[in-house]
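Work through the exercises below with the sequence and the structure at hand. Each task is followed by a solution in steps.

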Amino acid sequence: MRTWFQRLTDVSSLARTEQTLKEALAELVQDLGFDGYAYLNVQPVRIFAVSNYAPEWQARYLTQNYAMIDPVVSMAKEQMKAFAWAAAAPRSLSKPLRRFYSEAGDFGIRSGISIPVRTAFGHMSMLTLASHKPSLNLETDIDQIAAVTAVAQLHAKMEQQGAEPTASVAIDLKAKQALCLKWSAEGKTMKDIASIEGMSFATVNFHLNNARKALDAGSLAQATALATKLKLI
């Protein structure tokens, strides 16, 4: 697979458009004998995918928050190195995991290879190559350096091109939450916001706290920064 990872590095470096990159990635995956790919960008309040999996599965995976129970994602976070995987025996699984594997199998996702890379500010991105086969027999071990180098290059290109996700989780703020966060982003204190909007201090505090929780932010400053980055305010 070392040659394949080198090809991925080359393609990521040369692709001038997002569409070219996606098409080349799909071709490379087929050349290696896999059925599909999924590039997953995992952040605290935002998970998005660039993939050629069935759109219905992509939407279901994110709306059902399967990333929270997906053993492949968990293993990627723990090991932070390339690995092969296959669906576990149903008898050894909890009911939610049995359903997850069953649904994935319905879309031809039964085994694969995943390569996670650490990205900026403690986040993670990973590339998964998926197969309909119940298990994989790799002729040689995965070259870790070549794998991580290739996926890091892919991640950088995705970031540079601002790749449009094929699936993402929408994060919504209520109108009052967004309004108060926007004023906060403009440098206004809670007392200022209360005066400007004709609210009580307690009401402003209530909306800002709920906005912070919705964004899973540890502070108001982080919530404001996240909301701005995600274009919610």
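Accessible areas come from the Shrake-Rupley method with a 1.4 Å probe, and for residues only the protein chains shown count as cover. This is a predicted model, in which local features need pLDDT of at least 70, side-chain atom pairs count only at pLDDT 80 or more, and totals for chains, interfaces and linings use all residues. Residues are numbered from 1 along each chain as its sequence is written, and side-chain values use heavy atoms, with hydrogens and water left out.

**Exercise 1.** State the accessible surface of the protein and the share that belongs to carbon and sulfur atoms.

Solution. Step one: the accessible surface is about 12600 Å². Step two: carbon and sulfur atoms account for 52% of this surface.

**Exercise 2.** Find which loop holds asparagine 65, and describe its phi.

Solution. Step one: helices (H or I, at least four residues) are DSSP runs, numbered from the N terminus, as are strands (E, at least two). Step two: asparagine 65 sits in the loop between helix H3 (55-63) and helix H4 (71-79). Step three: its phi is positive, about 55°, although asparagine 65 is not a glycine. Most residues other than glycine have a negative phi.

**Exercise 3.** Decide whether methionine 80 is buried, partly exposed or exposed.

Solution. Step one: buried means under 20% relative accessible area, exposed over 50%, and partly exposed in between (1.4 Å probe, protein chains only). Step two: methionine 80 has 21% relative accessibility, so it counts as partly exposed. Step three: methionine 80 lies in the loop between H4 and strand E3 (83-86).
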